[in-house]
Amino acid sequence: MDLQQHNPMHPGAFIKRVYLEPFGIGNNVLAQKLNVARGTVSRLINGKTNLSPEMAIKLSKVLGRTPQSWMQMQDNYDLWKAKKRVNLDQVVAIDFDLYSMA
């Protein structure tokens, strides 16, 4: 059974939907709490930039969740995007039985 996630959410969209919109918190407040420029938060929230490990650590302190969970969210999103654009038609798996030393 294929358990791959379909259309995972970008971390910025998740932050907007789960943390900012329900509580009426603006990008400026989040930027201030994270000690980053407003533009940095805006690019993240709008999916124009990826989540960095440094930002994951900051988000962990400001919003909660572990830094690892923030990075996993970014990785899931990136992998989903890559699977949509990578052509595997000419990629072939190695048959390791043919190369065994036995």
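**Exercise 1.** Does Leu98 count as buried, partly exposed or exposed, and why?

Solution. This is a predicted model, where local features need pLDDT of at least 70, side-chain atom pairs count only at pLDDT 80 or more, and totals for chains, interfaces and linings use all residues. Residues are numbered from 1 along each chain as its sequence is written, and side-chain values use heavy atoms, without hydrogens and water. Locate Leu98: the segment after helix H5 (67–85). Helices are DSSP runs (H or I, at least four residues), numbered from the N terminus. Apply the cut-offs: buried is under 20% relative accessible area, exposed over 50%, partly exposed in between (1.4 Å probe, protein chains only). Leu98 has 67% relative accessibility, so Leu98 counts as exposed.

**Exercise 2.** Classify Ser60, then list its contacts.

Solution. Ser60 lies in helix H4 (residues 53–63). Its relative accessibility is 18%, so Ser60 counts as buried. Next, take contacts (heavy atoms within 4.5 Å). Leaving aside neighbours within four places in sequence, Ser60 touches Arg65, Thr66, Pro67 and Trp70.

**Exercise 3.** Describe how helix H1 (residues 11–23) packs on H5.

Solution. The H1 and H5 axes are 9 Å apart, at an angle of about 125°. H1 is therefore oblique to H5. The classes: under 35 degrees roughly parallel, over 145 roughly antiparallel, 65 to 115 roughly perpendicular, the rest oblique. Finally, name the residues: Pro11, Phe14, Ile15 and Tyr19 of H1 meet Trp70, Met73 and Gln74 of H5.

Definitions and conventions. Helices (H or I, at least four residues) and strands (E, at least two) are DSSP runs, numbered from the N terminus. Axes are lines fitted to C-alpha atoms, for helices over the stretch in contact, and angles run from 0 to 180 degrees between N-to-C directions.
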